[in-house]
Amino acid sequence: HLKALAILCVLLLLRQVDGFLAVVTKYTSSTEIGTCTANLKSRSHTTKHGGVLMSSAASSSADKTNIAYSIVNDGDDGEDYDDLLLARLYLKRIGFSDEEIASILHKEEMTTLDLQGLVSGHLLNVPFENLDLMTHPSGEFTGVESLTTVSLIERKAESDLPSLDVKRSLHKIVHRNRGGFCYEVNLSFCWLLHQIGFKARLALSDVSCKQEHPAHVVILVDGLMDIPILVDVGFGCPGVCDVILPLEYDTIYSDLHGDEFSFIPQASRLDDYPLHEGRFDTILYRRRVDSPDEILPMYRFHSEDDLDNDALEFQRGLQYVLTTSTTFNEKRLCVISTERGHITLGSDYVKWVERWETVTEKHLPTEDDWRAALLNYFGVRLE
């Protein structure tokens with residue numbers, strides 16, 4: 001009897017182990033990786049962007065998907081992930097379902113509709129923000145002074161500031177559910193395009209055609225048309241360009257909000273913008289829907305640029321952003337696109353903008369209110 005009882009105990013133990021291994025296998029497979037995080041998937045609705053069906057964030061982003069990297073990696077900077085898995089997690093981060101991810105990763109040829117869908121997903125889910133430039137108050141304040149007085153928001157140590165290290169930016173966007181400014185989000189998005197199969201390259205850009213040190217970066221995609229296509233998911237202030245723009249001169253493109261865009265050769269405007277003569281060959285102009293009588297330059301770039309992530313010009317531009325630019329250094333800023341416009345989180349307010357008109361604005365009198373807005377509307381929780 002004792003022998004029989006011992007055999008029965010062993011069989012029961014093996015059955016439990018087998019069941020445990022089945023659970024582990026299920027939740028660590030690549031197809032289940034997005035559901036292995038205690039159902040942290042965001043509330044979303046199905047939207048069609050540029051012909052690509054995808055899931056986009058709903059009005060509140062507090063419970064956006066935050067894929068648990070610890071399942072597949074013990075490190076903190078993403079170095080241990082293989083590129084394919086990281087690309088899958090990135091696509092999940094910008095709103096793609098498992099089925100959509102599998103479809104796009106197995107496509108032999110990409111299309112402009114695929115590219116537009118990726119751009120739209122990125123803008124709807126990854127905010128443009130400068131929050132890693134400063135150390136933030138801990139909360140529990142009683143008045144607006146803590147939000148409006150810049151001196152109370154200390155600068156981070158140099159070693160902790162954003163950099164041109166794309167792995168670091170990928171970790172921030174995908175794992176930490178954060179965003180960034182142009183050098184972070186455009187370098188990361190260009191990396192993703194490469195992994196998926198697009199021919200993408202980076203170009204230096206001069207905002208408003210008047211920067212002493214050009215400090216913007218854009219993406220040019222080749223191979224989908226007989227001309228390059230401009231892509232920019234990192235021009236978040238003011239506003240964003242949410243459509244892909246084939247580089248064809250004297251053609252007018254419109255976005256969903258009524259803004260119009262067009263390219264003009266730099267040579268035809270040399271007298272207006274003589275700085276950096278010979279460095280740029282194309283200017284992107286925009287006519288905003290709220291000021292139809294004005295056509296202003298957004299930025300200029302060179303259509304044949306193909307720069308490395310750590311190009312010297314990018315290093316100089318990043319240094320300008322981190323040390324000189326008032327846009328990035330004088331206040332906290334977070335912007336994310338919506339299907340009707342964008343949401344902006346300022347120093348002591350959050351506002352909803354449609355066609356460049358503020359439709360709703362909410363005052364944030366305390367640091368706790370500010371952090372709650374950051375979490376609820378942008379899905380960002382500061383460490």
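## Basis and confidence

Residues are numbered from 1 along each chain as its sequence is written. The model is predicted, so that local features need pLDDT of at least 70 and side-chain atom pairs count only at pLDDT 80 or more, whereas totals for chains, interfaces and linings use all residues.

The chain has an average pLDDT (the predictor's confidence in each residue, from 0 to 100) of 79, and 74% of the residues score at least 70. Residues 8-79 have a pLDDT below 50, yet this stretch makes 121 contacts in the model beyond near neighbours in sequence; a contact means heavy atoms within 4.5 Å. Residues 146-151 also stay under 50 in pLDDT, with 16 contacts beyond four places in sequence.

## Overall composition

The secondary structure comprises 10 helices and 17 strands. These are DSSP runs numbered from the N terminus: helices are H or I with at least four residues, and strands are E with at least two. Of the 383 residues, 50% count as buried, where buried means under 20% relative accessible area, exposed over 50%, and partly exposed in between (1.4 Å probe, protein chains only). Among contacts with a separation of 6 or more, 60% involve residues 24 or more positions apart.

## The eight-stranded sheet

An open, antiparallel sheet is formed by eight strands in the order E9-E8-E7-E6-E13-E12-E11-E10. Two strands pair if DSSP finds at least two bridges between them. The edges are strand E9 (245-246) and strand E10 (253-254), each of which pairs on one side only. Strand E8 (residues 229-231) is joined to E9 by two bridges in the antiparallel sense, and Ile-229 has Pro-246 of E9 as its bridge partner.

Within this order, strand E6 (residues 199-207) is mostly covered, with seven of its nine residues buried. Seven antiparallel bridges link E6 with strand E7 (residues 216-222), and Leu-202 stands opposite Ile-219 of E7. E6 is also joined to strand E13 (residues 296-301) by three bridges, again antiparallel; there, Ser-205 has Phe-301 as its bridge partner.

## The five-stranded sheet

Another open sheet contains five strands in the order E3-E14-E15-E16-E17, with antiparallel pairing. Strand E3 (128-129) and strand E17 (357-363) lie at its edges with a single partner strand each, so one side of each has no neighbour in the sheet. Two bridges connect E3 to strand E14 (residues 334-337), and the two run antiparallel. Glu-129 is paired with Cys-334 of E14.

## Helices

In helix H3 (residues 98-105), the buried residues are Glu-100, Ile-101, Ile-104 and Leu-105. Seen down the axis of H3, these fall within an arc of 125°, so they line one face of the helix; the arc is that of the directions from the helix axis to the C-beta atoms. An α-helix has 3.6 residues a turn, so residues three or four places apart point the same way.

Helix H6 (residues 166-175) and helix H7 (residues 182-196) have axes that come within 9 Å and cross at roughly 95°. Axes are lines fitted to C-alpha atoms, for helices over the stretch in contact, and angles run from 0 to 180 degrees between N-to-C directions. H6 and H7 are therefore roughly perpendicular, a class that spans 65 to 115 degrees, with angles under 35 counted as roughly parallel, over 145 as roughly antiparallel and the rest as oblique. Val-166, Ser-169, Leu-170, Lys-172 and Ile-173 of H6 meet Glu-184, Val-185, Leu-187, Ser-188 and Trp-191 of H7.

Methods. Side-chain values use heavy atoms; hydrogens and water are left out.
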